Structures are given as structure tokens and as C-alpha cells.
Amino acid sequence: MCGIVGFTGARSAAPILLKGLRQLEYRGYDSAGIAVLAGGAIDVEKVSGRIAKLCEKTRDGAAVPGVTGIGHTRWATHGAPTDTNAHPHLSNDGRFAIVHNGIIENYLALREELIADGYVFESETDTETIVHLLEFNYDGDIKAAVMKTAARLEGSYALGILCTDAPDTLYAVRESSPLILGIGVGENYFASDVTALVAHTKNVIYLEDGEMAELTSASIRVYDCTGQEIKKPVSRVTWNVEAAEKGGYEHFMLKEIMEQPGAVKAALVPRLHEGRIRLDDFELSAEELRGINKIIITACGSAYYAGCSGRYAIERLCRIPVQAELASELRYGDPMVDEHTLVLVISQSGETADTIAALKECRSRGAKIIGIVNVVGSTIAKLADHTLYTWAGPEIAVATTKGYTTQLAVLYLLAIYIAERLGRLDEKDYAALIKKLMQLPKLLQETIDMNYLLPTVASRYASQSLFFIGRNTDYAVALEGALKMKEISYLHAESYAAGELKHGTIALIDEGQPVIAVCCNEALADKTLSNIVEVKARGAKVLALAFRGNTRIVSQADDVIFIPRIDTIFSAILAVVPLQLLAYYAAKEKGCDIDKPKNLAKSVTVE
Ligand code: G6P
């Protein structure tokens, strides 16, 4: 949550900061602000609301001169999204300005201390304590003041700092919130995400927890928490700036839905060599896997629902018990995890606070951790024993689509890999599964092509409240379908295991109630068909999702969306696509802000 950027060079900083903030707006969009050093003083411009408003206020940055500055886009935690609570925050003496992504857990104690020392607070934020603490700790050595201040902070933070005594320098510190340095020619940058840097440079340095950076136009120096300078490796970003732009689509979400065939291909192809799965730079030996008696998948939001789907594939192929657990529950749940547990931690951003905490909890109990992560160099990727990147490329829309399907693709891959290693698949079945896996990108494309009529269907079903039902793998899809609908269209949507309808929910079915029935699990399609008949008998309007050629469903449902036929193990990855589109078109018809739904943020770095 929240995005920060910094620039120092010879060019005017404000337009560059605003451009960077636009790329980070997915991280929060309650307020925005910039601070630029000019003529020995810091000029702060901030507004509640979107970055567009800040651009208007500053005439796209033209009204804010200076070549060194920092910027912030906020997802409010402490204090309402007002102008005053917007970052950057200034020290009382006007010497320091800071932007912050994260949460300072001991801010109340620090605030009381600082107030007792005579510091005056303007905002309700936790962040403002940091800037006053900087002033308090400053005795002419900025680096020392930053380090002393960081040592007093508990919680998570990525900080960008300006000081009038070093007018061409940026300071940046990281603890449990992402921060990346960009290396330019005669200019340097920092940002919460590489998407804000790729327009300028592909050479980046990933800061680690406890590290601090000092950036001028000519140099970048990184120090550890003892003040010792350290040499950091330079990484190269592998995708282009176009990947983080809309490319002619009205919304990032639609673009990202359309990118799914390519994204899934990118997740699978590098791991398949001459018909065999090879994991990136690690292997799981048969001996090691035989020592595993349980797999736990943990994640939040859609990543958790990807885990719910993947669970079926792993259990069916590997015959190992799999539990999908919400990270926010697992972290406090005294989980039954030990060295015989394999934990799969799924996260698009790799920065979700609850998921990181669940990972640490499982690690402390001796489990082996595999991360399934999209963002390269993110916290979860670093903490896991091994990481399988999903290679979805940048995902900008807050509601995930290609992030989710690539997670599923990696889970399928892992399921087949583990099953083969454990001797649960003979060569023939292994080869057949790999063949089917490799057809997924093509079938995803067909699924997208087959659903061009969805805008019309969506307008018939986008009512105040919808039910999504399904069994087994279809239930997992229903969970994600309902979440997508809620997130972006703000329609009330509930998902139910179809067999549970009779145990309460059916009481809610009245004349005209929309029910979306996922019927792509062939073994259970007839059972769900019975549920369709039951809700129809009570007046429901049913939109079914089924394999092409399922004629029986046409006679029962009011409308049917078809997807290509595929082995049930993999059906979720196709079935979710029409539900993503359904939510998209429902939200579009309602005029919602599809890429930036209200109250949400893409990267939830607070508990
Ligand atoms: C937020 C996003 C969801 C996402 C969840 C987990 O709630 O809005 O789309 O599924 O976080 O995020 P992660 O980055 O860990 O996959």
C-alpha cells in the first residue's frame, strides 16, 4: 500500500515524479504529493484524491522547479485521506521532508515523546513521527540521523528523504516494504516498484531490509544498518515500458485478461525441456518428497483462491493431503506445521503482509517453503527456500487476472512434477498431462475468443446481488468469480459449494435472482445441474458456465457461457476467464473505476 518515488539529476524533478506516481497509483489512490528541493528550501505540493488532481494543481509539475525530489501516492491507514494527512511530511524546522510506505507500529509512543520535546504535529499519520524524529536526531550528519531514526522504528517502512543541507541528494531506507533503486545516466531514482523506473532505466538495485541508500545524480551508495558501505548487485529488468502501459485497451484489467494466453505460456515454457518439467534452479528429490506428509498452500485474496483450485490438482495427482489456508488466519492459528510439511506461499506482489507473516510462522516450525510469486526480487521471493516466478509481467489493475491464472499454471506444473517424482504417474500419463498443460495457452485464447458476447450477458445478470455456485474445482472457480464481481463492480456476490445450497442459501432464492453456475467438472456436472433445476424452480435466473458441446445444460439454464473442453484437472484456469470478463463488463456498465476500485489497493503491505 502506498507508492513512493524519488529523482535526482539535471532535469526538472516534478514531471518525472508525477509520471512515476502514475505508474504506482495502483498501490493506493487516496491522496498524492511531491516535495522538491529548490533554492535551499523544500516545496511541498499535496492533494487529497488522485494524481490527476496533483498534476492539475502543479501544471504537470511545471509549477514546481528543482531537480531533486520525492513523491507519494497514499492508501490511508492512519488518518483520513485529507490534504493534511497526505505525504510528503515536513519537519518543524523545514529541513527534512519524507515519504513513507508501510506502518510504524510504535508511532504513538514516539509521538508522545516528541510532543513532550516540543514538536508540533500537523497530521494524524504515523509517518509524521519519523520526520520529527529525524530533526531530533540530526546534528549535522544526515546519514547518522537517518540510521538513528530507523533504529527507533518498529514496523514496516520504505522511506524517501530530502534534506535542505544536501540539496542534490536523496536518502532511501527499507524495512519490510519494497524499495528499488534505478541507475540512470547522470540521474538516479528510487521507487516502490520497477514499473515506475522502466521508462528511464532497466538497471536496478533491490534494497534489502535494514539497508540505506544515498543517491546523487552521479552515484548510488548503499549502507548496511551499521553504516558500513556495501556493494550491491545490479539487476536488469527483462520487460519493456509498453508492458506497463494500456496499449490501446480502455482498462489495464481488460489488457491483462487478454494477455493471459501469453502470460501462461511464459510461466510454463521455460520449465519444460524435451517433454519434462525442470524447476528453475532447484529440484525436489523423491527422497525429500517422501518425507512430506502434508502440503499447505497459504495466501490472501485471489492468490488464496488460486491455492483452493491448485489443491485439487495436487491432491488428485500426488495423493498428498493439501490444505489451503488464508494467510491472515494461519499466522495466528497455531498451525500444525513441521519439517514434514511443504508450504506453498502464493503472492502476485510478493509483499502481502499477512502472507509474509504466515511464511515466517511456517518457517519457524521447520517447514520447507516454496514461493509462487510474480514480482521479481520481492520479499516473499527472497524469504522462500525456493521461488517459482509466475512471469506474468507487470500487473497494474488492482483486481488480479493474469496474476491468478499464472499462479494456477505454476501449481499445475508443480502438481505434475511432484506426482512424477513420487512415482504416482507412469510415463504415459506424465506425457499426456504435459501435452495438455502445453495446450493451455491456445485454449485460453480460444476461451477469450468464444466469449465476445459477454457484454450483453453481463448486462442481464449484473443485478444487486448474485450467487456463484459450483462443486469441487468449480467451487474454487466460483469463489474467484464472486470476488472479481465484488471487487470491481461493487455488486454483492456470494459463492457457495452447490451442495450447500439446500442448507440455508436456497432460502434467499426468489423470482429473478441471478445464479451463476459453474459446471465444468464433468464428473459432477449432473449434480450441479440438479442444483440449477432446484434454483430455477424457485424463480432464479441461471447463467451456466460449461464445456462446449454440453447440450443438456442448454435446456436447463437461461444462458450458457461455453469454454473449450479440457481435463477437469485444468478446467479452472479456463473457466475463470469468462467470469473475469463478466465482472469487467458488469463494472463497465455501472461506470465503475475498474482499474482502481474504491477502498482497495493492489499490494496490501499492512495487516
Ligand atoms: C489484494 C489485491 C488482490 C490480491 C491480494 C493478494 O487484496 O487486491 O487482488 O489477490 O491482495 O495479493 P498478492 O500480491 O499477495 O497476490
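Predicted model: local features only at pLDDT ≥ 70, side-chain atom pairs only at ≥ 80, totals over all residues.
Tyr 490 sits in the loop between α16 and β24 (492-497). Its phi is positive, about 60 degrees, although Tyr 490 is not a glycine. Asn 599 also has a positive phi, about 70 degrees, and is not a glycine either. Asn 599 belongs to the segment after α19 (571-590). Asn 599 counts as exposed because its relative accessible area is 63%, and the cut-off for exposed is over 50%.

Another feature concerns a peptide bond. His 87 and Pro 88 are joined by a cis peptide bond, with omega about 0 degrees. Pro 88 is in the loop between β4 (68-74) and β5 (89-90).

**Domains**

The domain assignment of the protein lists domain 1 (3-243), domain 2 (246-447) and domain 3 (454-590). Taken over C-alpha atoms, the centres of domain 1 and domain 2 are 33 Å apart. Their contact involves 11 residues from domain 1 and nine residues from domain 2.

| Pocket | Volume | Lining by class |
|---|---|---|
| Largest pocket | about 760 Å³ | 18 nonpolar, 12 polar and 12 charged residues |
| Second largest pocket | about 610 Å³ | 14 nonpolar, 13 polar and four charged residues |

Start with the largest pocket. It has a volume of about 760 Å³. Of its 42 lining residues, Val 194, Trp 239, Asn 374, Val 375 and Val 376 are the closest to its centre. Both domain 1 and domain 2 supply at least three residues each to this lining. β11 (203-206), β15 (235-236) and α7 (260-268) each give at least two. α7 gives the most, with three residues.

Now the second largest pocket, with a volume of about 610 Å³. It has 31 lining residues, and the closest to its centre are Cys 300, Gly 301, Ser 302, Lys 602 and Val 604. Elements that each supply at least two lining residues include α9 (301-318), β20 (341-347) and α16 (473-489). The largest share, five residues, comes from α9.

**Glu 480**

Which side chain does Glu 480 meet in a polar contact of 2.9 Å? The partner is the side chain of Ser 302. Ser 302 is also one of the residues closest to the centre of the second largest pocket. Glu 480 itself lies in helix α16. Glu 480 is buried, because its relative accessible area is 0%, and buried means under 20%. Leaving out residues up to four places away in sequence, Glu 480 touches Ser 302, Tyr 305, Thr 400, Tyr 404 and Val 576.

**Lys 368**

Lys 368 lies in strand β21 (residues 368-373). Lys 368 is partly exposed, with a relative accessible area of 22%. Which side chain does Lys 368 contact at 2.7 Å? The side chain of Glu 288 makes this polar contact. Beyond neighbours within four places in sequence, the contacts of Lys 368 include Leu 284, Glu 288, Thr 341, Asp 385 and His 386. His 340 is 28 residues away along the chain, yet the C-alpha atoms of Lys 368 and His 340 are separated by 8.1 Å.

Conventions: Residues numbered from 1 in each chain as written. Heavy atoms only, no water. Helix = DSSP H or I, 4+ residues; strand = E, 2+ residues; numbered from the N terminus. Buried < 20%, exposed > 50% of the residue type's maximum accessible area, 1.4 Å probe, protein only. Contact = heavy atoms within 4.5 Å. Polar contact = N/O pair within 3.5 Å; in protein donor to acceptor, adjacent residues only side chain to side chain. 1 Å grid on protein atoms, 1.4 Å probe; cavity = no way out; pocket = protein on both sides within 12 Å on 5 of 7 lines; lining within 4 Å. Points joined across faces, edges and corners; volume = space filled by probe spheres on them. Nonpolar A, V, L, I, M, F, W, Y, C, P; charged D, E, K, R; others polar. Domains from an automatic or database assignment.
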